[in-house]
Amino acid sequence: MTMETTWKSDEGELIRVRTCGWSPPGDHPVGCGMFIYTDKDGKFVKVEGDPDHPISQGRLCPRCLAMKDFIESPNRIRYPMKRAREDRGKDAWERITWDEALDILEREVRKIWANYGPEAIYLFQGTGREATLYAPPMAQACFKTPNCSFSMSGGSCYGPRTVVADFLLGAGYPELDYAAYFPDRYDDPRYEVPKYIVLWGKSPLQSNPDGFYGHAIVDLMKRGSKLIVIDPRLTWLASRAEFHLQLRPGTDAAIGLAMLNVVLGEDLYDHDFCEKWVFGVDDLAERVQDKTPEWAENITWVPADVIRSAARAFATNAPSSIMWGLAIDTQQNGAQAGQALLALAAICGYMDVPGGITLSLPSSFMGRWRFETAQFVEPETMAKRIDAKEDHPAYACGPFAHPDEVLTVMETEEPYAFHMAYFYATNPIAPTVYAEPERWYNALMKMDFNAAQDCFMTPTIMGLCDLVLPVSGFAEHDGVVLPHFGRNTHFLGAMNAALDPGEARSDLEIDMLVGKRLNPEAWPWESAEEFFNAQIRTQYDWDFNNLRDMGVFQQNFEYRKYEKGLLRPDGEPGFNTPTGMIEVCSSIYDDFGEDELPYFMEPAMSPNSTPDLYEEYPLVLTTGGRDFVSFHSEHRQMPTLRSITPDPLVTINPKTAAAHGIKAGDYVCIENPLGKCVERARLSNEVPERVIHATHGWWYPEEDGEYPNLFGTWKSNVNKLVPMYKVGKLGYGAPYKNVLAKIYKVDGYEAGSSDPAAYEPPASRGPESMTVGASSEMSYEAKHCAK
């Protein structure tokens, strides 16, 4: 498939610009191809899918189709604004120029540098947006601080999966092979359709995650792929699966261990591949010897025969593949679940083969650049990063501050106090990121100065910030789409500005403006185009303008790279791990105080680990399922999209609802010892009787924005029910999708409202419980027994 070489053309009375979508408004970097049409005055007219884009092939999600709502929204932030620190929470914003805004930001940053040191600045990074590439450089190469992170407890989004893959495979993010590297896609003679696809805690039709276009699953089903879905909910794909493992939320590791028990115990694994390329198979077999499907059934609520049959189908139908989703990250036991998942694919020989799981180098050019900007942080400052190295040395090996320990530092001001927070494409007090959000709000109110860059006024900005900078949408700026953020990038796509951004600037352009004020040495480029030219030329002999003409560049791809020395920097065959093999028994976890083999650990709040609590809160609450029309807390103010999903919904089994006197559409309070929130009842057999599912990311842009309401962010804030500090041994993972709760009918959303200033965390929760949680009541594996 060949794309036109002209990216901008006259189409009668209209101008047509070819581009690829990313953000903002938010979406994962799928890079959907589209044409944006404007009139001769530059006004938006319409958007259409680009049928020649090799991945999206003319298809667009509702968020792209509703682009007009974003572009013309009267609620957009269109120019820099400031207000006095004492006016936080008040709609007292004053329009200022960019020069004034940069003067304020430079003055405040230099004041903090002089009085407290750069480490006293903390940058909160958003998820999914271009911010993933450009936020770390803002922290490191502009503010010169080592303290930057995605602020979800345990870094529980994508990061845990990439770290586990790096530790065990020495490779970038493992992805389902859906022929994304090939211009002719599924018709390429090198490609083979997977026999089975395991969707493990992933709902790709709604999420289109990290570079994967969800409808590829449907494409592959049409070509014969069968599904194994591991999910507490009966999703659309699960209803069409050969096997649906409807597990208790948070018990994925037990499922993985039981499937390994079947594959190893019944001798269904690939002996030749394991002998050459897999380290620790015998140790793994010993670990899972007693982890039978019957053992797992008691824990997971999944019938043993379903687990056994799914494992046999996966292992005996080569090639097959696995997609793992956010549900693996959002549990304390997530690293072990991920280890079991990768081990299952490895011992079956499905790594880097046609129709299996694609692998790549851990990070490519722009992916490397964002981490290389750490050179602009002074070594003595870098040593002060809040990285939780005493509790989580594995996490400290990475580049980010540990969110849970950051909260402790903000509350205690030990070993030093933070004095400035910068919110980069994130709205964390709305129920997207922060667990125990009232604690974060109160801690951040103590900062001397807070600033943000975004495209809409959010509860976070209204409640906490003193300065806000306007961000342009992807239709208004040039850029490069980089699926998987450089960790398994099957293509590069050109984002071409079709519309005038006014005073708004892209995330990268804001970095450059701020950087030239604070650290010009790190920002030698004079334009975004010049920056992209420099980045692209680190690997290729062409530049950004060539990419515009190509539209999409698909990188060359080879299977079985481990045989050819293409996964190791030394060019030797094998994997970039200490053993040179895939490590199903880790050779380095022991250095981190972690078990080298996967194990199961009960969630910190569950029917088994907290049985007394379970008596009062008898439902397992899972949350965070994706929606077709929103991205976390974004798009709530888009009329077209909001009309499709106007309310937050809690899905309840009809029998459970009847037992609580709840009917469809009722206001339902969801409560546990940490807090409560209110959502509307949605009755469906999608969830079993013991489980409820609550949507996340809800706030109400149409409501009063001033404190304490803050656009109603405290009313349906399901993250108030999620604890901080309940993270895994490696420092990753937290129970966003597996806590206990009870439900009851109420009269309206106000029943879930709270005043964060009056919030006091229970004494039983705090920094001292950071590492594991209720480990004393857990099983042999949970006590971290050595091999």
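Strands β7 (residues 121–125) and β8 pair in the parallel sense over three bridges, and that pairing is a handy place to start a tour of this predicted model. Leucine 123 stands opposite cysteine 148 in β8. From here we can walk through the sheet, then turn to the helices and the salt bridges.

**The sheet**

- Seven strands make up an open sheet with mixed pairing, in the order β6-β5-β18-β17-β16-β7-β8.
- The edges belong to β6 (94–95) and β8 (148–150), each with a single partner strand, so one side of each is left without a neighbour in the sheet.
- Strand β5 (residues 81–82) pairs with β18 in the antiparallel sense, over two bridges; there, lysine 82 has leucine 467 of β18 as its bridge partner.
- Between β17 and β18 the chain passes through helix α20 (residues 459–464), giving a right-handed β-α-β crossover.

**Which way do the side chains of β18 point?**

- In a regular strand, side chains alternate between the two faces of the sheet.
- In β18 (residues 467–470), Leu467 and Leu469 point one way, while Val468 and Pro470 point the other way.
- Leu467, Val468, Leu469 and Pro470 are all buried.

**Helices**

- Helix α3 (residues 98–115) lies across β5, β7, β16 (420–424), β17 and β18, and runs at about 130° to β18.
- Helix α14 (residues 334–347) has 14 residues and reaches 20 Å from its first C-alpha to its last, close to the 20 Å expected at 1.5 Å a residue.
- Helix α14 is mostly covered, with 14 of its 14 residues buried.
- After α14 comes glycine 349, which has a positive phi near 80°.
- Helix α16 (residues 379–382) holds threonine 381, which counts as buried because its relative accessibility is 8%, under the 20% cut-off.
- Leaving aside residues up to four places away in sequence, threonine 381 touches Pro118, Glu119, Lys144 and Pro146.

**Salt bridges**

- Side chains of opposite charge can pair when their charged atoms come close; in this model the count comes to 46 salt bridges.
- Lysine 40 and aspartate 10 form one of them, with their closest N and O atoms 3.4 Å apart. Lysine 40 sits in the loop between β3 (33–39) and β4 (44–49) and aspartate 10 in strand β1 (residues 8–11), so the pair ties together parts that are 30 residues apart in sequence.
- Are these two partners buried or exposed? Lysine 40 is partly exposed, with a relative accessible area of 44%, whereas aspartate 10 counts as exposed at 57% relative accessibility.
- Lysine 68 forms a salt bridge with glutamate 72, and the closest N and O atoms are 3.0 Å apart. Lysine 68 is partly exposed at 39% relative accessibility, and glutamate 72 is partly exposed at 36%.
- Aspartate 387 and lysine 389 meet through their side chains in a salt bridge of 3.7 Å, N to O. Aspartate 387 is buried, with a relative accessible area of 8%, while lysine 389 is partly exposed at 45%.
- A network of salt bridges links Asp103, Glu106, Arg110 and Arg517.

Definitions and conventions. Residues numbered from 1 in each chain as written. Predicted model: local features only at pLDDT ≥ 70, side-chain atom pairs only at ≥ 80, totals over all residues. Heavy atoms only, no water. Helix = DSSP H or I, 4+ residues; strand = E, 2+ residues; numbered from the N terminus. Expected span 1.5 Å × (residues − 1). Buried < 20%, exposed > 50% of the residue type's maximum accessible area, 1.4 Å probe, protein only. Contact = heavy atoms within 4.5 Å. Pairing = 2+ DSSP bridges. Right-handed = clockwise from strand over helix to strand, strands pointing away. Axes fitted to C-alpha atoms, helices over the stretch in contact; angles between N-to-C directions. Salt bridge = Lys/Arg side-chain N within 4 Å of Asp/Glu carboxyl O.
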